Amino acid sequence: MIESQMLKGVIEGVILHIIKNNETYGYEIVEELKRSGFYTMTEGTVYPILQRMTKKGYILASYKKSEIGPRRKYYYISKNGEKYLANFYQSFNELNQAVENVIDRGNK
C-alpha cells in the first residue's frame, strides 16, 4: 500500500496526467487510479483534489449530458496545468533517480 504522505506529493501530477490524455469525469479518474494501483483512492478523496486543482487553474470543467443519468462534470487540462505537469514530470524523475541512487548504493 502506498503511504499517504508519499501519495500527497504526487497525486495532483498523476491526476493531471490522466486528464491530459483525455477529458474525463471524476468517477472515471477514480477507476483509472484504482486500475493503476492506487487502490485506496475514492471519490471522497479525488473530488476535493479536483476542486483544488480547478481553483489553482490547472484544470477546467464543463458539464456534459450523459447517456445514462444526469449531466457529468468533465475535466480537461489548462495551459497552467500543462506547465505544472511538465514541472511535475521533471521533479518526479529527479526524485525517482535520487531514490534509486541511494537504494543502489545500499545494495552494493
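Before we click on anything, here's one term you'll need: a salt bridge is a side-chain nitrogen of Lys or Arg within 4 Å of a carboxyl oxygen of Asp or Glu. Also keep in mind that what you're looking at is a predicted model.

**Stop 1**

Select Arg52 and Glu12. These two form a salt bridge, and their closest N and O atoms are 3.1 Å apart. Arg52 belongs to helix α3 and Glu12 to helix α1, so the pair ties together parts that are 40 residues apart in sequence.

Is Glu12 buried or exposed? Buried means under 20% relative accessible area. Glu12 has 8% relative accessibility, so it counts as buried. Arg52, on the other hand, is partly exposed, at 38%.

Lys56 is partly exposed, with 41% relative accessibility.

**Stop 2: another salt bridge**

Next, select Lys64 and Glu23. They form a salt bridge too, with the closest N and O atoms 2.2 Å apart. Lys64 lies in strand β2, while Glu23 is in the loop between α1 and β1, so the pair ties together parts that are 41 residues apart in sequence. Lys64 counts as partly exposed at 32% relative accessibility, and Glu23 counts as partly exposed at 29%.

How many salt bridges does the structure hold? There are 5.

**Stop 3: zoom out**

Switch to a cartoon view of the whole chain. You'll find 4 helices and 3 strands, and reading along the sequence gives the pattern α-β-α-α-β-β-α. The C-alpha atoms fill a box of roughly 55 × 30 × 20 Å along the principal axes. Of the chain's 108 residues, 29% count as buried. As for contacts between residues at least 6 apart in sequence, 53% of them join residues at least 24 apart.

**Stop 4: the sheet**

Colour the strands. In what order do the 3 strands of the open sheet come? The order is β1-β3-β2, with antiparallel pairing. Select residues 24-25 for β1 and 59-64 for β2: these strands stand at the edges, each with a single partner strand, so one side of each has no neighbour in the sheet.

To look at one of the pairings, select Leu60 and then its bridge partner in β3, Tyr76.

Now bring α1 into view. This helix lies across β1, β2 and β3, running at about 100 degrees to β3.

**Stop 5: the nonpolar core**

Time to look inside. The largest nonpolar core has 22 residues, and Ile15, Ile19 and Leu33 are those with the most contacts inside it. The biggest contributor is α1, with 7 residues.

Select Ile15 to see its surroundings. Setting aside neighbours within four places in sequence, Ile15 is in contact with Ile29, Leu33, Val46, Ile49, Leu50 and Met53.

**Stop 6: a serine in a loop**

Go to Ser78, in the loop between β3 (72-77) and α4 (79-106). With a relative accessible area of 9%, which is under 20%, Ser78 is buried. What does the side chain of Ser78 reach at 2.5 Å? That's the backbone oxygen of Gly57. Not counting residues up to four places away in sequence, Ser78 touches Gly57, Tyr58, Ile59 and Leu60.

**Stop 7: out to the surface**

Finish at Arg35, in helix α2 (residues 26-35). Its relative accessible area is 60%, and exposed means over 50%, so Arg35 is exposed. Show the side chain of Glu32 as well: a polar contact of 2.8 Å joins it to the side chain of Arg35.

Notes. Residues are numbered from 1 along each chain as its sequence is written. This is a predicted model: local features need pLDDT of at least 70, side-chain atom pairs count only at pLDDT 80 or more; totals for chains, interfaces and linings use all residues. Side-chain values use heavy atoms; hydrogens and water are left out. Helices (H or I, at least four residues) and strands (E, at least two) are DSSP runs, numbered from the N terminus. Buried means under 20% relative accessible area, exposed over 50%, partly exposed in between (1.4 Å probe, protein chains only). A polar contact is a pair of N or O atoms within 3.5 Å; within protein, one must be able to donate a hydrogen and the other to accept it, and residues adjacent in sequence count only if both atoms are side-chain atoms. Contact means heavy atoms within 4.5 Å. A nonpolar core is a set of buried Ala, Val, Leu, Ile, Met, Phe, Trp, Tyr and Cys residues joined through side-chain atoms within 4.5 Å. Two strands pair if DSSP finds at least two bridges between them. Axes are lines fitted to C-alpha atoms, for helices over the stretch in contact, and angles run from 0 to 180 degrees between N-to-C directions.
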